[in-house]
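Hello,

Here is the structure I promised to pass on. Please open it first, then read my notes below.

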Amino acid sequence: MRQTYTVDNLVYEFQISRTNDVTLAIIGGASPTFQPETDPFDRDYVPAVTDDIGVARMPVTVLRQSWRYLVNWIGNERPPYFTIAALTERRRKLYCRVARLLTSRFPYQLTELDGTFYFHRMH
């Protein structure tokens, strides 16, 4: 699943891989801090920034939109497991709150290891 949306002239991509890894990245837009690394040998490569970009631009709006996509996906697909990786300490604190909300809403067991949140469906 891949969804793109724009908030404050930045283009975000919410993606869930085939192995149920959830990622959020900036893939375009007007920002002086948006400096994606390019791969000159891969024409199909879409540059993405998954690190924090410094000053948060409308983080509540970004979080709400991503939350909607994630909750809808979990409700519709009912995956047996999925993971969300926090790449920075700042995101780890935020994702910890999101993880608690998810486990209170859906029947998943939560395990955290080195900033990665593992969700396994309880039977």
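F82 touches N20, V22, W73, I74, L102, Y108, F117, Y118 and F119, leaving aside residues up to four places away in sequence. Touching, or contact, means heavy atoms within 4.5 Å.

A word on the source. This is a predicted model, where local features need pLDDT of at least 70, side-chain atom pairs count only at pLDDT 80 or more, and totals for chains, interfaces and linings use all residues. Numbering starts from 1 along each chain as its sequence is written, and side-chain values use heavy atoms, without hydrogens and water.

Now the core. The largest nonpolar core has 26 residues, and F82 and L102 touch the most other members. Such a core is a set of buried Ala, Val, Leu, Ile, Met, Phe, Trp, Tyr and Cys residues joined through side-chain atoms within 4.5 Å. Helix 1 gives the largest share, six residues. Helices (H or I, at least four residues) and strands (E, at least two) are DSSP runs, numbered from the N terminus.

N20 sits in the loop between strand 2 and strand 3. N20 counts as buried because its relative accessibility is 12%. Buried means under 20% relative accessible area, exposed over 50%, partly exposed in between (1.4 Å probe, protein chains only). Among the residues that N20 touches are W73, P79 and F82.

Last, the helix pair. L63, W67, L70, V71 and I74 in helix 1 meet L94, V98, L101, L102 and R105 in helix 2.

Best wishes
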